[in-house]
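Visitor: I would like to go through this model feature by feature. Please give the general idea each time, and then the case at hand.

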Amino acid sequence: MDSTRLARLSMLAAMGIALHLLEASLPNPVPLPGAKLGLANIVVLIAVVWYGTRDALKVTLARCLLSSLVIGSFLGLAFWISLAGGLGATLAMGLGRRWLGSHLSVVGLSVIGATAHNLGQLGLAAVVIGSGAVLWYYLPLLLAVGVPSGLATGLVAKALLERPGATAAESGP
Amino acid sequence: MSKFRGGLRAADVAITLAVIVLAIGAGLAAWLWGPYAPSAAAGDGRVVVVRAEGQPVLTVELGPDLEIERHDVSGPLGVTVVEIGPEGARILESPCRDKICIRPAPINNPGQTVVCLPNRVSVEIQAGREPPFDTVSY
């Protein structure tokens, strides 16, 4: 890939790491395990809009790997769960963009991403614990909490993408 | 295509509403068929242990076929009536002053307790078999 693309993707990954670390330092307003603001999704959204699914997956992978190294949870349970949610969300957003892109603005994509993120995390958690009982308790609550956070991050991403300087040299499909 | 305030499109609102409906649906499903339902909870060997003055005086295994029975437990203040049935266990009457122990909903999950402290009566649900994990950390 050309150097502009590479540089931009790297910047996005770096911002994703920074947002992830920022979020980890904030006190959690919602005491549900797995409920989080998902600020890093802003970056993934931008990556999806600019460069498409495959490159967005690279950004997500880099973000999860590197931020887990900094936090110290690399290869731990939190890392795998975060990775499952992150990759699921990126895939969902990327495919959503490709299939529904003309109908859906970034905000709707973000809601899809937040939902997929929660589903991915819960799914892996259920597999690890070995019991489906987790799903009953947490699914409705996480889905409900995911909606406002998805909307919020979507609105932020939308505002960023609409700024006058935010044009990509090459845009994704 | 239609635009709402803020540049949102119809599909965005549709997706958001769909997820909210999904959440409500999952919540309803969990309420009706999930582990909250007493009939789902019973039958795995969990046991009601009733103690007076710290000593177990009554042990009943919970199950869906259990008949509702009242048990009288004597304590320093008088008789506490414990009702055990398929929905779980609860205290019906007690000679204490505040009657905090008399809850409308029965307990049926391991670790739950109802206690009448003045009359030294405790009702506890114990797990029948060991859970598959020792602890959970985040």
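Visitor: What is the average pLDDT of chain A?

Guide: pLDDT is the predictor's confidence in each residue, from 0 to 100. Chain A averages 83, and 87% of its residues score at least 70. Where pLDDT is low, the predicted coordinates should not be read in detail.

Visitor: How many helices and strands does chain A have?

Guide: Helices (H or I, at least four residues) and strands (E, at least two) are DSSP runs, numbered from the N terminus. Chain A has 6 helices and 0 strands, in the order α-α-α-α-α-α along the sequence. Of the contacts in chain A with a separation of 6 or more, 76% are between residues 24 or more positions apart.

Visitor: What share of the residues in chain A is buried?

Guide: Buried means under 20% relative accessible area, exposed over 50%, and partly exposed in between (1.4 Å probe, protein chains only). In chain A, 45% of the 173 residues are buried. Accessible areas come from the Shrake-Rupley method with a 1.4 Å probe; for residues, only the protein chains shown count as cover. The accessible surface of chain A is about 7,900 Å², with 72% belonging to carbon and sulfur atoms.

Visitor: How is the length of a helix checked, and what span should H5 of chain A have?

Guide: The expected span is 1.5 Å times one less than the number of residues. H5 of chain A (residues 106–129) has 24 residues and should span 34 Å, and its end C-alpha atoms are 34 Å apart, which agrees. Because 17 of its 24 residues are buried, H5(A) is largely enclosed by the rest of the structure.

Visitor: Which residues of H1(A) are buried?

Guide: They are A:Leu9, A:Leu12, A:Ala13, A:Gly16, A:Ile17, A:His20 and A:Glu23. The buried residues of H1(A) pack against H2, H3 and H4 of chain A. A:Glu23 counts as buried because its relative accessibility is 13%. Apart from neighbours within four places in sequence, A:Glu23 is in contact with A:Lys36, A:Leu37, A:Gly38, A:Leu39 and A:Ala40.

Visitor: Which residues touch the most other members of the largest nonpolar core?

Guide: A nonpolar core is a set of buried Ala, Val, Leu, Ile, Met, Phe, Trp, Tyr and Cys residues joined through side-chain atoms within 4.5 Å. The largest has 24 residues, of which A:Leu12, A:Trp50 and A:Val59 touch the most other members. H1, H2, H3, H4, H5 and H6 of chain A each supply at least two residues of this core, and H2(A) gives the most, with 10. A second, separate core has 19 residues, including B:Ile84, B:Ala89, B:Ile107 and B:Ile125.

Visitor: Which residues does A:His103 touch?

Guide: A:His103 lies in the loop between H4 and H5 of chain A. Not counting residues up to four places away in sequence, A:His103 touches B:Arg9 and B:Ala11. Its relative accessibility is 46%, so A:His103 counts as partly exposed.

Visitor: With which side chains does B:Thr80 make polar contacts?

Guide: A polar contact is a pair of N or O atoms within 3.5 Å; within protein, one must be able to donate a hydrogen and the other to accept it, and residues adjacent in sequence count only if both atoms are side-chain atoms. The side chain of B:Thr80 makes one with the side chain of B:Ser94 (3.0 Å) and one with that of B:Asn119 (2.7 Å). B:Thr80 lies in strand E4 (residues 78–85) of chain B, and counts as buried because its relative accessibility is 0%.

Definitions and conventions: Residues numbered from 1 in each chain as written. Chains lettered and ligands numbered in written order. Predicted model: local features only at pLDDT ≥ 70, side-chain atom pairs only at ≥ 80, totals over all residues. Heavy atoms only, no water. Contact = heavy atoms within 4.5 Å.
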